[in-house]
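Good morning, and thank you for making time for this presentation.

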Amino acid sequence: MPAETLEFEEPIAVLLKEIDALTLLPRTDARDREIESLRRRIESVREELYRSLTPWQRVLVSRHPNRPGLHDYLDRLFRGFAEVHGDRRFADDHAIMAGFAEYRGQPVVVVGHVKGSDTKEKIFRNFGYARPEGYRKALRVMRIAEKFRRPIVVFVDTPAAYPGIESEERGVAEAIAVNLREMMLIDAPIVVIVSGEGGSGGALGIAVGDRVLMQEFAIYSVIPPEGCAAILWRDASKKVEAADALKLTAPDLLQAGAIDEIVREPIGGAHTNADAAARLLDEALARALTEISAVDSEVRLEKRYAKFRAMGRVGIDFVDESTA
Amino acid sequence: MPWFKKTRKPMAAPAGEKASRVPEGLWVKCPDCAQIIYNKDLTTNLNVCPKCAHHFRINATERLRMLLDGEWVEHDKDLVSTDPLKFTDTKPYKARLKASIESTGLKDAIIVASGAIDGQPAIVASMEYGFIGGSMGVVVGEKITRAIERAIDLRQPVIIVSCSGGARMMEGALSLMQMAKICGALARLDRARLPYISILTDPTTGGVTASFAMLGDLNIAEPKALIGFAGPRVIEQTIRQTLPEGFQRSEFLMEKGMVDLVVDRREMKAIVANALRFMGTARPAAAAAMAGVEPAVPIVVTEPASQA
């Protein structure tokens with residue numbers, strides 16, 4: 001099976017193999033027509049598959065090695081990204097990047113997780129598992145945005161905050177907690193885009209904002225399905241069931257009121273066409289930024305609070321039995 | 001060739017066959033020093049082992065009794081989760097809720113109460129580990145947020161006693177969002193210049209640590225409590241090493257600068273009361289007018305009781 005197809009994409013893998021075999025034959029019009037029809041078949045099979053992905057399949061898509069990340073969107077949607085390193089306390093974390101850039105001619109601050117694309121970069125980025133320094137750097141740069149009244153665009157894509165000794169020693173929990181509190185009051189428009197894996201506290205630690213957008217095949221969860229399965233089923237192989245139960249897909253999150261909007265992806269997922277994914281994101285991001293920038297800052301902060309305050313609705317997610 | 005054959009005598013079977021004549025629950029064995037303690041002595045000692053100062057886990061009500069003067073008024077006690085995800089693992093979440101409601105007499109993993117600490121009005125939220133591991137779902141998030149909002153309205157301090165495994169998986173991403181919701185409310189409390197004291201007890205982990213438990217004006221831990229973000233097993237799996245002794249315990253966190261004090265349970269109320277007197281709840285304008293005036297009662301931090 002070619003590396004870039006997922007386990008549930010086997011029908012596509014088979015067709016790709018056929019194309020590969022055909023390309024070895026001498027070039028004739030008949031061969032080219034055959035390849036062309038196979039390509040169209042792939043498109044239709046892909047469309048079929050992606051129209052009804054199961055939650056676990058979405059988990060796999062959100063973790064796809066070719067899924068566009070912060071770098072891909074920086075290249076396509078932003079200009080002149082100038083990275084800012086370090087938390088001025090301990091170190092520079094490579095799993096979270098932050099810096100200044102230009103978006104549609106406007107200066108903005110960009111903050112986001114980076115998982116890395118090749119093995120070398122993945123190790124450098126610690127596979128997107130941020131340490132406390134990453135969260136502190138993120139807040140520091142967001143404070144600069146606040147000072148100069150620049151909007152903040154956040155990209156979320158992390159399996160989790162790094163669960164290691166040094167992470168605990170330097171207070172990863174405190175770093176996330178402080179961000180949750182401070183981001184609620186940062187006086188600058190904040191748009192959050194959950195673009196891949198929204199891995200629990202490690203994701204939320206930079207994901208408080210005025211608008212939370214989520215790409216169609218991204219996930220956002222309180223715990224990875226594997227971890228949930230290991231704890232509740234006492235069997236890590238029940239990850240498929242756990243993914244189902246956790247309601248971690250974009251439509252689920254929208255229904256729960258935990259996100260504001262779903263950003264469409266090209267058919268077959270963002271990894272099949274980064275340009276198209278970027279165009280779709282661009283449109284949603286521009287709209288969100290315009291809308292929240294138009295609001296008076298006091299009103300915006302009030303609305304930001306009200307949005308998170310409303311997560312967990314009386315009568316829906318819980319009831320008050322004394323009044324019922 | 002040995003002269004005598006060595007035969008191993010089987011270990012005496014525990015006296016399981018003979019029924020004990022001592023009534024159940026009269027004596028408790030300390031898991032730390034193995035001391036046999038008369039249960040009533042343990043209770044009068046706030047469930048701290050008189051010999052080694054091991055802190056037994058106590059429930060949310062006992063915690064309130066320990067911190068508050070006499071009576072208190074409970075708030076929002078009838079909030080109940082609706083199981084919004086219809087979550088089922090090996091057992092339906094509804095059944096787990098029901099079992100916890102029956103065993104604890106609470107409707108979720110927290111009690112919020114108004115009372116007084118050494119005469120000073122305060123709002124105290126106390127988490128109940130016996131209710132699905134003290135996990136934080138929508139109800140816990142809502143009750144804490146309402147407690148903070150009430151404190152802002154009444155200009156009272158907030159004390160939250162954490163005892164929790166973290167966010168509640170069975171309510172999915174909504175549990176996660178409670179972290180942001182509570183921290184947002186704490187931001188407002190902070191801006192209103194009202195005291196927030198976080199008391200961390202064994203265990204305080206996951207999403208609770210990564211939100212309100214770490215945000216106190218004072219973070220006070222009970223001795224040897226497990227406090228961390230990732231659980232020890234998860235870390236061991238990540239780094240493929242066993243963790244050092246005392247890792248993620250209160251004393252370790254104080255050493256690393258993450259908690260301000262480690263306080264013996266028997267001293268806790270006095271320390272909290274002192275801190276509240278130091279902080280006060282005067283409006284910012286009134287506080288500014290008082291600037292330059294010596295505080296009436298200086299904060300006194302006593303050493304934790306010796307753990308001989």
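Predicted model: local features only at pLDDT ≥ 70, side-chain atom pairs only at ≥ 80, totals over all residues.

Strands here are DSSP runs of type E with at least two residues, helices are DSSP runs of H or I with at least four residues, and both are numbered from the N terminus. Two strands are said to pair if DSSP finds at least two bridges between them. Within this pair, Ile160(B) stands opposite Ser198(B) of strand 8.

Residues are numbered from 1 along each chain as its sequence is written, chains are lettered from A and ligands numbered from 1 in the order in which they are written, and side-chain values use heavy atoms, with hydrogens and water left out.

To return to the sheet: in what order do its 7 strands stand? The order in chain B is 3-5-6-7-8-9-10, in an open sheet with mixed pairing. Strand 3 (73-75) and strand 10 (261-262) are at the edges with a single partner strand each, so one side of each has no neighbour in the sheet.

Strand 8 of chain B also contains Pro203(B). In chain A, Phe127(A) is not a glycine, yet has a positive phi of about 55°. Phe127(A) is found in the loop between helix 5 (119-124) and helix 6 (132-147) of chain A. As background, most residues other than glycine have a negative phi, and most peptide bonds are trans.

I turn now to the domains, whose bounds come from an automatic or database domain assignment. Chain A is divided into domain 1 (10-52) and domain 2 (59-310), and their C-alpha centres are 35 Å apart. For chain B the assignment gives domain 1 (25-56) and domain 2 (58-281), with C-alpha centres 24 Å apart.

In chain B, 8 residues of domain 1 are in contact (heavy atoms within 4.5 Å) with 9 residues of domain 2. The two domains bury about 740 Å² between them, 51% of it on carbon and sulfur atoms. Buried area is the accessible area, taken with a 1.4 Å probe, that two parts lose on being put together, summed over both. How many salt bridges cross this domain interface? The rule finds 1, where a salt bridge is a side-chain nitrogen of Lys or Arg within 4 Å of a carboxyl oxygen of Asp or Glu. Asp32(B) and Lys224(B) meet in a salt bridge at 3.8 Å, N to O.

Over all chains, the count by this rule is 52 salt bridges. One of particular interest for the fold of chain B joins Glu222(B) to Arg63(B), with the closest N and O atoms 2.6 Å apart. Glu222(B) lies in the loop between strand 9 (218-221) and helix 7 (232-239) of chain B, and Arg63(B) in helix 2 (residues 60-67) of chain B, so the pair ties together parts that are 159 residues apart in sequence.

Finally, the chain interface. Here 51 residues of chain A are in contact with 59 residues of chain B. Chain A and chain B bury about 4,800 Å² between them, with 71% of that on carbon and sulfur atoms. There are 5 salt bridges between chain A and chain B. Arg188(B) forms a salt bridge with Glu302(A), the closest N and O atoms being 3.1 Å apart. On the side of chain A that touches chain B, the largest share, 8 residues, comes from helix 8 (residues 172-183) of chain A. The residues of that side divide into 32 nonpolar, 7 polar and 12 charged. In this division Ala, Val, Leu, Ile, Met, Phe, Trp, Tyr, Cys and Pro count as nonpolar, Asp, Glu, Lys and Arg as charged, and the others, Gly among them, as polar.

Strands also pair between the chains: strand 9 (residues 318-320) of chain A and strand 4 (residues 79-81) of chain B are antiparallel, over 3 bridges. Asp320(A) stands opposite Leu79(B) in strand 4 of chain B. Thank you for your attention.
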